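The following exercises concern a protein model and its chain contacts. Each task is followed by a solution in steps.

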Amino acid sequence: MHIPDGFLSGPINGALACASVAVCGVATWRARATLGEKQVPMLGMAGAFIFAVQMLNFPVAGGTSGHFLGAAMAALLLGPLNACLVMALVLAVQCFLFADGGMTALGANVFNMGVVGALCGGILHRVIRTVLPRTRGAFLGAAFVVSWLSVVGGAAACAFELAFSGTVPLKVVLPAMLGVHAIIGLGEGLITCAVLAVVLGARPDLVVAWPRAAEPA
Amino acid sequence: MKTWILAGAFLALSLALAYFVAPHASESPDGLEKVAEDKGFLEKGEGDPAWKKSPAPDYKFPGVGDEKRATSLAGIAGVAGVFVLGCGVAWVLTRRRAAPK
């Protein structure tokens with residue numbers, strides 16, 4: 001879903017760059033106060049894994065491929081704001097070293113593939129969990145749902161940006177983007193659940209979104 | 001320290017995926033590219049990129065003739081780079097707190 005240069009208008013690119021910089025600024029400010037020492041390797045690990053798995057395009061219907069985004073996974077593993085920082089790092093490396101995603105659209109890409117999935121995914125997961133039993137299965141089920149939504153939500157944001165930029169009418173691009181990303185989102189959900197299941201099995205204390213009932217609030 | 005072991009295991013998995021699997025990933029256009037193609041706005045993105053100094057465009061390590069190998073090496077470089085960058089940024093953020101106000 002990496003937007004190249006030229007798809008979005010200057011004002012749209014500028015507005016989204018401002019939004020992404022603002023979110024990353026808040027995330028940095030928060031991390032200075034709250035980031036724990038044991039999260040240092042977790043941030044590196046999440047970024048490295050997301051970079052690797054984003055390279056693995058899998059085929060979906062009709063000569064199209066899709067890949068993992070990772071924002072929802074990172075949000076549950078590290079917290080939503082830390083996830084925004086990791087996504088921004090990954091997307092910046094992809095843009096500047098590998099020419100994936102345009103430099104002028106970097107803010108938009110961080111917004112669509114990072115901020116939308118990490119913030120909405122993280123918050124929505126918390127909301128969904130309040131009505132579910134506090135079991136690992138319910139946790140992972142909710143993770144699957146928000147991962148799917150993070151991809152579909154990012155695709156919807158992308159469609160609106162393209163429409164507001166005057167590139168393509170909304171009624172043409174929105175159904176097309178939602179349709180293909182509804183399938184890609186299933187892959188996203190599976191990978192997110194697999195990773196969270198492994199980390200929950202090995203070190204549940206490292207999963208920020210996992211409610212640690214044993215610990216005092 | 002056990003956190004570093006878990007992180008190391010995921011790093012090893014990521015390196016292996018980038019090296020062994022990335023060269024065999026689907027080459028079909030991704031969701032957005034396909035929509036751009038079908039809806040006729042793909043050419044809008046085909047001008048000169050704003051940033052022209054990418055050392056490994058399209059995940060092809062420079063100076064490697066074999067395309068699959070070039071992708072493997074670009075993947076390794078990217079995974080290692082992001083890992084170091086991620087840990088580095090996180091380390092700096094935890095350090096700053098320890099510094100006197």
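**Exercise 1: Salt bridges**

Over all chains, the structure holds four salt bridges, a salt bridge being a side-chain nitrogen of Lys or Arg within 4 Å of a carboxyl oxygen of Asp or Glu. The model is predicted: local features need pLDDT of at least 70, side-chain atom pairs count only at pLDDT 80 or more, and totals for chains, interfaces and linings use all residues. Residues are numbered from 1 along each chain as its sequence is written, chains are lettered from A and ligands numbered from 1 in the order in which they are written, and side-chain values use heavy atoms, with hydrogens and water left out.

Step 1. Asp205(A) pairs with Lys38(A), their closest N and O atoms being 3.3 Å apart. This pair links distant parts of the chain, 167 residues apart: Asp205(A) follows helix H7 (170-202) of chain A, and Lys38(A) lies in the loop between H1 and H2 of chain A. Helices are DSSP runs (H or I, at least four residues), numbered from the N terminus.

Step 2. Arg203(A) also forms a salt bridge with Asp205(A), with the closest N and O atoms 2.8 Å apart. Arg203(A) is buried, at a relative accessible area of 14%, whereas Asp205(A) is partly exposed at 25% (buried: under 20% relative accessible area; exposed: over 50%; partly exposed: in between; 1.4 Å probe, protein chains only).

**Exercise 2: The interface**

Task: Describe the contact of chain B with chain A, and identify the salt bridge across it.

Step 1. Chain B contributes 56 residues and chain A 69 residues to the contact, which means heavy atoms within 4.5 Å.

Step 2. About 5,000 Å² is buried between the two chains, 75% of it on carbon and sulfur atoms; buried area is the accessible area (1.4 Å probe) that two parts lose on being put together, summed over both. Phe10(B), Leu32(B) and Tyr59(B) supply 14% of the area that chain B buries against chain A, more than any other three residues.

Step 3. The rule finds one salt bridge across this interface. Arg95(B) pairs there with Glu37(A), the closest N and O atoms being 3.4 Å apart. Arg95(B) is partly exposed, at 34% relative accessible area, while Glu37(A) is exposed, at 60%.

Key:
Helix = DSSP H or I, 4+ residues; strand = E, 2+ residues; numbered from the N terminus.
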